[in-house]
Amino acid sequence: MPCTLGTFGLWLLLILTVSLVAANTSLSKPVDTKAVLSCPPITQKAVLVTIRWEIILRDKPSCTRAYRRDTNETRAINCSDETISWDSRPDRNPALQINPVAITHDGYYRCEVVTTHGHFYHGYHLKVLVAPEVTLFQLENETIVCRAAAGKPAAQISWTPGGDCHTVEEPLGNDTVTVQSSCRWEDHRVSNVSCSVYHLTGNRSLSIERNSGVQSAVYVKTVYIILPVLIILVIVGSICLWKIGVCRKCKLKKREANSVAEEDEMQPYASYTEKNNPLYDTVSQVKRSEVLQNEADGLCLHTSYITGI
């Protein structure tokens, strides 16, 4: 008989435990989506009396939303979040909606339904999910980094092929976590690597060619160094060419000025020489004699022609 009671008690405890577990549900919802939480179903023979939602959020006072069928009235106690409300008319559908879901909505939500057949409960442990921002990049020391930033919960990272990897987690204070995994490969034959990020909101996989990121970084760095030098050289060259042009113009003007000055200096000297040099006088006399001789010859020819006539 004691054995029979013990067996019965064990089965009763098991049934109660299963009932308790079945009365609570773990629910995960991505941030910025809509969540609808339902109350226990009401049988057709049962008559609804009251419905009460108890909302327990972290670092906030407990909020209660209730409905009484006999007076057809609703009330809210300590409920300041307007994104949490009845999904529709509570007399038709007593479900609770959260729209949109935010990180602050992590908590416990319990619906209590009172009917003529008894009290019924159903609770939800709501867990809000935040998808991480995944990036994959290569450092100058050939280390490749895969980062899953601000995810809730923390993401998991794996590599293909595997290498010498080191993973760190950084909590951000709002229940989100940044996970960063850094890997190196001693085998230079590995040309392409992939980073796989596993998260409750969905999995992602990114790939990268080894050294491509480094070459791009070196190229960009080289451009940033050479470009300013080229600009400076162009500016300096332009200034030098401008100065050379100015100097040439100055020299030409100076030469023209010197030539004019020399001509002005030579003209008085030439006039003076012509006037006072006997050589110039002799030449002038010879030129006059030649002219007179030519005139005399012409006169004789003219006279002979007349005489012949």
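## A buried cysteine and its partner

Cys-195 is buried, with a relative accessible area of 0%, where buried means under 20% relative accessible area, exposed means over 50%, and partly exposed lies in between, as found with a 1.4 Å probe on protein chains only. This is a predicted model, in which local features need pLDDT of at least 70 and side-chain atom pairs count only at pLDDT 80 or more, while totals for chains, interfaces and linings use all residues. Residues are numbered from 1 along each chain as its sequence is written, and side-chain values use heavy atoms, with hydrogens and water left out.

The partner of Cys-195 is Cys-146, and the two form a disulfide with their sulfur atoms 1.7 Å apart; a disulfide here is a pair of cysteine sulfur atoms within 2.5 Å. With -50° about the S-S bond, this link of Cys-146 and Cys-195 is left-handed. The pair links distant parts of the chain, since Cys-146 is in strand β11 (residues 144-151) and Cys-195 in strand β15, 49 residues apart. Cys-146 also counts as buried, at 0% relative accessibility.

## The other disulfides

Cys-39 is buried at 13% relative accessibility, and Cys-111 is buried at 0%.

Another disulfide joins Cys-63 and Cys-79, with sulfur atoms 1.7 Å apart, and it is right-handed because the torsion about the S-S bond is about 95°. Cys-63 lies in strand β4 (residues 63-68) and Cys-79 in the loop between β5 (73-77) and β6 (84-86), so the pair ties together parts that are 16 residues apart in sequence. Cys-63 is buried, with a relative accessible area of 9%, whereas Cys-79 is partly exposed, with 22%.

## Aromatic pairs

A search of the whole structure finds 2 aromatic pairs, taken as rings of Phe, Tyr and Trp (its six-membered ring) with centres within 6.5 Å, where planes under 30 degrees apart count as stacked, over 60 as edge-to-face and the rest as tilted. The rings of Trp-53 and Tyr-124 have centres 6.5 Å apart and planes at 25°, so this pair is stacked. It links distant parts of the chain, with Trp-53 in strand β3 (residues 48-57) and Tyr-124 in strand β9 (residues 118-129), 71 residues apart, and both residues are buried.

The rings of Trp-159 and Trp-185 have centres 5.6 Å apart and planes at 70°, so this pair is edge-to-face. Trp-159 is in strand β12 (residues 156-160) and Trp-185 in the loop between β14 (177-184) and β15 (192-198), 26 residues apart. Trp-159 is buried at 11% relative accessibility, and Trp-185 is buried at 7%.

## The chain as a whole

The secondary structure comes to 3 helices and 16 strands, which are DSSP runs (H or I of at least four residues for helices, E of at least two for strands) numbered from the N terminus. Buried residues make up 24% of the 309 residues in the chain.
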